[in-house]
Amino acid sequence: MSAVATVSRISPARSSSGRLHWLRERGMGASVLVSALAAAFGVILVEVTAYIGAVLQADPFIGDSETLAVVVMILSVLLVAVAMYVAAMVTANTFSTIIAGRTRRIALLRLIGASARSQRAEVTGQGFVVGLIGAVIGLASGVGFAALGVLIGESLLGVGAGDFTVLQPGVLFPVVGVALTTWLAAWIGSRRVLTVTPLQALGGSVERTHDDEAGRRGKHVGALVLIVVGVVLLAAGVVLGLITPLGVVVAFFGGLFSFTGLATASPLFMPPVLRLVGRLFGRGATARLAAENALRHPERSSRMAIGVVMGVALVTMFAVALESVKALMMRQSEGEFVDGFFAPMDAFASIMMVLVAVSAVIAAVGLVNLLTIGVVQRRRELGLLRAIGMTSTQVRRMVLLEAVHITVAATLTGLVLGVAYGWIAAQSLLGSVPVLPDYDPAGLVYPAVPWIPVAVIVVATAVLTVVAAVTPTRLATRVAPVEALAAD
Amino acid sequence: MEITTSDLGLAARVQHLTKTYGAGAAGVRALDDVSVGIRRGQFTAIMGPSGSGKSTLMHIMAGLDAPTEGRAWIGDTEITGLGDVEMTILRRRRVGFIFQAFNLVPTLDALGNILLPFELDGRQPTALERARIDSLVERLGLASRLAHRPHELSGGQQQRVAIARALATAPDLVFADEPTGNLDSRSGREVLALLASASRDHGQSIAMVTHDAIAASHADRVLFLGDGRITADHPKQSAEQIAAHMLAAEVAA
């Protein structure tokens with residue numbers, strides 16, 4: 001037992017240059033950043049919700065409009081949950097990638113007597129610290145932004161909010177939530193520690209590929225049940241929607257369940273999509289290597305892709321639902337609506353899209369991180385490729401294609417899911433609404449896809465891809481061919 | 001008119017090569033005015049203790065590193081002063097590499113690795129090259145392993161795939177850096193025999209850096225380096241002779 005204690009004392013993570021020196025390890029910064037972003041986002045939304053509540057209460061005409069406050073609160077909770085979920089996935093990915101890079105050290109410590117569980121506990125502890133730092137930074141910046149916003153609101157718009165204060169106790173929910181989810185994410189991401197064997201310290205082992213998730217279907221039973229229940233509820237919502245607008249409530253839970261299931265089971269269904277997209281790149285050497293790299297760690301790539309999928313699907317869903325509602329209303333009224341009628345709806349859609357975009361930013365940070373660590377951990381392989389004749393232009397193209405691979409697969413999946421969910425939302429809400437010419441119920445509504453938001457999504461993800469690839473491509477092209485010969 | 005490398009019967013050569021790391025008094029001189037040629041169709045071993053400059057010499061000869069002073073040729077092409085792209089394409093088409101470890105791309109199967117230099121060149125092997133690759137695969141006993149990925153192959157099999165890749169393009173010169181360093185002695189002997197036969201039976205020029213006397217005894221010629229200079233140049237020698245030479249050099253140092 002004392003051996004274990006000694007081992008953990010000499011482990012580099014706790015050695016000489018301060019207890020927190022592991023924070024400088026590549027990837028940790030990104031984890032702090034995403035948890036800070038998620039926490040700040042949550043804090044700001046809590047503040048906005050409270051502020052709107054206060055404004056409404058102070059307004060003598062609207063009075064206690066409970067409904068609006070409740071709707072805003074539900075939306076805030078949903079948006080924060082999505083942001084936290086994406087942040088947690090980025091963190092889980094980061095930790096599993098960091099551990100892949102630490103394999104040798106962990107194996108050495110295992111060899112001289114450390115237990116796998118103590119090693120994992122160390123990593124999880126680091127996740128807790130990262131989450132804590134991120135949450136505190138998020139709290140401070142979120143409250144700061146809110147205070148600034150209130151000042152601007154009062155001076156510019158002249159809106160009074162009574163005795164509103166930015167020190168809302170509610171801000172503790174997202175802050176504590178982010179700290180805990182980061183901790184949990186680090187624990188999930190560190191599962192790999194348990195698979196490191198002392199033998200791996202002896203070297204000479206060649207990297208295995210495609211081993212992360214192969215044949216682990218059993219793990220996803222819960223997710224599959226969620227998907228089935230969700231799909232049944234979605235169908236029920238649509239059928240019920242033909243009779244009453246309350247069908248949308250049933251469909252809402254169907255959407256929640258099925259999407260959670262899809263996100264959890266992403267390692268099952270994302271790799272086939274990734275493989276399909278990889279085929280589109282053609283058979284050239286760089287394209288093929290890029291496609292293989294994106295599938296090298298299917299679990300990581302899938303988790304990464306699902307962050308982008310969520311953002312794209314939510315934005316598309318709002319856009320499609322709104323467009324379908326508009327189309328139906330046009331039918332109902334023979335197109336006599338003036339444009340002004342739709343203005344509040346469009347404004348709402350825009351706000352939702354901007355808010356969802358925060359999750360997309362978090363996903364982008366994760367993508368940069370994934371690609372960068374991937375390049376750093378593959379230095380010898382890149383050196384080998386350079387030595388046997390890959391030009392730096394080809395290296396750059398390969399790394400860029402890796403990023404393209406993940407975002408294209410994610411965007412396509414997100415668009416398909418978004419159109420489906422958006423149509424179901426509109427259908428379940430409005431299937432029973434009477435329309436012209438003879439005021440029969442609308443029945444089945446065709447999904448209306450608004451092309452401008454779709455174009456914006458495609459352009460935005462293209463930009464995201466290019467931006468995310470800047471640092472990794474620069475690092476990759478800097479690898480010298482001689483690095484293939486490095487002893488270790 | 002200058003005498004070309006091929007006029008001299010050489011596959012590669014260097015002239016007055018100097019390489020220093022760092023500057024001034026603190027600088028380390030890894031190579032000190034080295035001039036040497038690798039003969040065409042021969043299996044040459046480059047030997048020396050760590051720090052003798054043998055790896056630096058190989059890096060420069062193979063176009064992986066640039067010298068501080070001096071000139072280097074692969075075939076009749078002077079490689080000193082070539083840009084990164086020209087150099088890369090030259091390595092791709094005219095040089096083969098076999099490393100001590102991490103020779104293969106883990107995401108590609110054995111055949112994918114063998115064909116990689118052609119694919120990087122954006123082309124399929126010609127019928128002639130295809131026949132050459134088929135016979136290589138046959139000779140190296142890889143026929144049943146072509147669809148395997150590196151992690152499914154033993155160390156010796158991985159090294160044979162690397163040999164197939166290095167020989168597939170019929171390069172001017174194959175560089176091997178401690179190719180047996182990570183192998184057990186039997187696989188090591190197999191690899192050395194394969195290299196020797198590639199040079200003897202197929203006229204392949206090979207330069208192998210090693211500090212292992214047994215490995216060097218498979219070569220047609222043994223160059224000894226010490227302190228950045230060539231200290232001896234012997235025709236084929238037994239492992240005992242080579243070991244004795246190395247020991248003497250170490251005692252003298």
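**Entry 1: the β9–β10 hairpin, chain B**

I began at the hairpin of β9(B) and β10(B), where two residues lie between the strands. Asp227(B) has a positive phi there, near 50°. I keep in mind that this is a predicted model. I also noted the general rule: most residues other than glycine have a negative phi.

How many bridges pair β9(B) with β10(B)? I found six, in the antiparallel sense. β10(B) covers residues 229-235. For one facing pair I picked Leu225(B), which stands opposite Ile230(B) in β10(B).

**Entry 2: the other partner of β9**

Next I looked at β3(B), residues 43-47. Four bridges join β3(B) to β9(B), and these two strands run parallel. Here Ile46(B) stands opposite Leu223(B) in β9(B).

Is β9(B) largely enclosed or left open? I checked residues 221-226, the whole of β9(B). Five of the six are buried, so β9(B) is largely enclosed by the rest of the structure. Buried here means that 20 or more other C-beta atoms lie within 10 Å of the residue's own.

**Entry 3: the whole sheet**

I then traced the sheet across chain B. Six strands form an open sheet, in the order β6-β7-β8-β3-β9-β10. The pairing is mixed. In general, strands of a sheet pair through backbone hydrogen bonds, either parallel or antiparallel.

Which strands are at the edges? They are β6(B), residues 95-98, and β10(B), and each pairs on one side only. Neighbouring strands are turned by 20° against each other on average, direction ignored.

**Entry 4: two further positive phi values**

I looked for positive phi elsewhere in chain B. Asp33(B) has a phi of about 55°, although it is not a glycine. Asp33(B) sits in strand β2(B), residues 28-39. Glu178(B) has a positive phi near 45°, and it is not a glycine either. Glu178(B) lies in the loop between β7(B), residues 173-177, and α6(B), residues 185-202.

How many other C-beta atoms lie within 10 Å of each? For Asp33(B) I have 14, so Asp33(B) is partly exposed. For Glu178(B) I have 21, so Glu178(B) is buried. The cut-off for buried is 20 or more.

**Entry 5: where chain B touches chain A**

How many residues does each chain bring to the contact? Chain B brings 28 and chain A brings 27. On the chain B side, the elements that give two or more residues are α2(B), residues 84-94, and α3(B), residues 110-120. α2(B) gives the most, with six residues. I sorted the chain B side by class: 14 nonpolar, seven polar and seven charged.

**Entry 6: a helix pair in chain A**

Last, I turned to chain A. I looked at helix α6(A), residues 221-241, and helix α7(A), residues 247-264. They pack at an angle of about 155°, with their axes 7 Å apart.

α6(A) passes α7(A) in a left-handed crossing. By class, their contact has 17 nonpolar and 10 polar residues.

Key
Residues numbered from 1 in each chain as written. Chains lettered and ligands numbered in written order. Predicted model: local features only at pLDDT ≥ 70, side-chain atom pairs only at ≥ 80, totals over all residues. Buried ≥ 20, exposed ≤ 12 C-beta atoms within 10 Å, placed from the backbone. Contact = placed C-beta atoms within 7 Å. Nonpolar A, V, L, I, M, F, W, Y, C, P; charged D, E, K, R; others polar. Pairing = 2+ DSSP bridges. Axes fitted to C-alpha atoms, helices over the stretch in contact; angles between N-to-C directions. Left-handed = near helix turned anticlockwise from the far one by under 90°.
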